[in-house]
Amino acid sequence: MLDRFALFGSNRTMKSRSERRAQGTLGVVMRDGKLIDEGIFRDPKLERLDAYYESRQYANLVAWEEGACAEPPVPIRKRQPRLIIPFSKTLAQRVTAKLVGDSVFPELMVYDSPDDQEFFQAVVRESEMKTFLLEPTRRMLNTGEVFVRFWIEAGVYRKKWYNAKYCYPKFQPNGELELVTIKYVYDDHDDKDENGKPIKKWYKLELGTDSEVLYDNPEYEPGVTPEFVETGRVDHGLGFVQGEWMTTTGEEKGYGLTEDITSFIDELNYSLSQSSTAVSYNQDPQLYFKNLTEEETAAVIRSAMKSWNLGRDGEAGFLESNLNGVSTAMDLRDKMRLNVQDITRIVLLDPDKIVGQATSAKAMEVLHGPLKDLIDEIRGPIGKTIRKLTIKMGIAAIMGEKQGIQSPIILPPGYQPMNMNIELDWPPMFQQTIEDLQKKVAVAVQAAGASIISRRTALEYLAKDFGVVDLDEEQAKIDAQPVINPFGAF
């Protein structure tokens, strides 16, 4: 969890041997489903949602098989599920793919200023923003909030994201970031106690509008507020925080998409685990005997290579279930999945159904109607973040070059952006098929041929589909080409 400030040293207060042993035993763990020290998180709810995303929400419970063999057996809901579905992560990944995936990432447009448009597009390209924003967006969808930061080092953009539970943002009256404090507990593997366990320490970094300050790393003590000492400072003087606070709402506070479905996730995990146990039992059922003494039963060895002599009245068999409970559980899980889709608006369709409708982008939009509505809502906040992050990165590159710092972008001498009114051009959520394009062209040809619209309007209507950027240039090419079919609509 170190970054460029790792160059600066750290300061640690010595503790007694008993204090170190107690710290190594407690640490940052969970007990009875609750954090021992919730003070290390800005909001314990965010840690809970992160646990579901990382499939560690049951880490404090006894293992499934171990709990079943205990005396007395541990209740099912007090054990770790045998199978844990990464439901939160899957939902976040699906929405992210349709929100900022490579095929749906917005194109930055600066109308009436081609040079500025090319500059900001170069910022997105050189910073590899498309790839970088994928995981922070997944985390934002899960918890509702995440912080992303950047800086320029050795002529390249460096980026990093932080879980919202470790970040303490402060905003200006206009809604812009004024200060972000990043504070968390980590394991220092380079500093271990007498038992060989890494010592837990605090990390603190403050990102302001004019400077960034790194503090020392005091040891973590549960329930004790640490005292930090400044160890490094970078005065960039940009006038803004080198980063953006991303939320699903576009406001200071976000809302996680999986916040309301954690109980459904638990139910699915436990139901699937119990069904797995039932099926496993039927694959290796319990053997029983009738009309045999205890001694005779003890002498029987279960083996496919050995036959048994059960006497005149002895009987043997297997205790097997009819698996009706498993079938009922499957039906219940299907209903719960529908409830999850209703709550989150994230549609999880049968693959066979998707393949059957894949010939039309419009049909896919209808099938994923709730998901499309959700994407349209989140495009506003995420677009705001992309726009502001791009502008900040661009300004940092220009000001850095003036200060003698190697810029990630080759700038013309004296270049200054004249227009920073960036607009985002979002591609359709589902790419149109060749059949969709054929129908669209047919409509344009018929409308232009019937003099309902002009050929210029038809060209504008189809320009993006054929990759046409400069309409005037394309029209000139059309006018200059020889007429092959004089009776055509164009």
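User: Is lysine 384 buried, exposed or partly exposed?

Analyst: Bear in mind that this is a predicted model. Burial is read from relative accessible area, where under 20% is buried and over 50% is exposed. Lysine 384 has 36%, so this residue is partly exposed. Its place is in helix H13.

User: What does the side chain of lysine 384 reach?

Analyst: The side chain reaches the backbone oxygen of glycine 250, at 3.3 Å. Along the sequence, lysine 384 and glycine 250 are 134 residues apart, while their C-alpha atoms are 7.5 Å apart in space.

User: How does one read the packing of two helices, and at what angle do H5 and H13 cross?

Analyst: Start with the axes: an angle of 65 to 115 degrees counts as roughly perpendicular. The axes of H5 (residues 114-126) and H13 (residues 369-402) cross at roughly 100° and come within 9 Å, so H5 is roughly perpendicular to H13. Then list the residues that meet: Phe119, Phe120, Val123 and Val124 from H5, against Thr390, Ile391, Met393, Gly394 and Ile398 from H13. By class, this contact has 7 nonpolar, 2 polar and no charged residues.

User: How are H14 and H15 oriented relative to each other?

Analyst: Helix H14 (residues 434-449) and helix H15 (residues 455-462) cross at roughly 170°, with axes that come within 9 Å. H14 is therefore roughly antiparallel to H15. Lys440, Val441, Ala444 and Ala448 in H14 meet Arg455, Ala458, Tyr461 and Leu462 in H15. The classes here are 6 nonpolar, no polar and 2 charged residues.

User: Which residues touch the most other members in the largest nonpolar core?

Analyst: In soluble globular proteins, nonpolar side chains tend to be buried together. The largest nonpolar core in this model has 58 residues, and Val95, Phe119, Met129, Leu133, Tyr157, Ile382 and Ile386 touch the most other members. H13 gives the most to this core, with 12 residues. Leucine 133, leaving aside neighbours within four places in sequence, is in contact with Val100, Phe105, Met246, Ile386 and Leu389. Another core, of 26 residues, lies apart from the largest one and includes Phe147, Tyr162, Cys167 and Trp202.

User: Where does asparagine 217 lie, and what does its side chain contact?

Analyst: Asparagine 217 lies in the loop between strand E9 (211-215) and strand E10 (230-235). Its relative accessibility is 10%, so asparagine 217 counts as buried. A polar atom of its side chain lies 2.9 Å from the backbone oxygen of tryptophan 202.

Key: Residues are numbered from 1 along each chain as its sequence is written. This is a predicted model: local features need pLDDT of at least 70, side-chain atom pairs count only at pLDDT 80 or more; totals for chains, interfaces and linings use all residues. Side-chain values use heavy atoms; hydrogens and water are left out. Axes are lines fitted to C-alpha atoms, for helices over the stretch in contact, and angles run from 0 to 180 degrees between N-to-C directions. Helices (H or I, at least four residues) and strands (E, at least two) are DSSP runs, numbered from the N terminus. Angles under 35 degrees count as roughly parallel, over 145 as roughly antiparallel, 65 to 115 as roughly perpendicular and the rest as oblique. Contact means heavy atoms within 4.5 Å. Ala, Val, Leu, Ile, Met, Phe, Trp, Tyr, Cys and Pro count as nonpolar, Asp, Glu, Lys and Arg as charged, and the others, Gly among them, as polar. Buried means under 20% relative accessible area, exposed over 50%, partly exposed in between (1.4 Å probe, protein chains only). A polar contact is a pair of N or O atoms within 3.5 Å; within protein, one must be able to donate a hydrogen and the other to accept it, and residues adjacent in sequence count only if both atoms are side-chain atoms. A nonpolar core is a set of buried Ala, Val, Leu, Ile, Met, Phe, Trp, Tyr and Cys residues joined through side-chain atoms within 4.5 Å.
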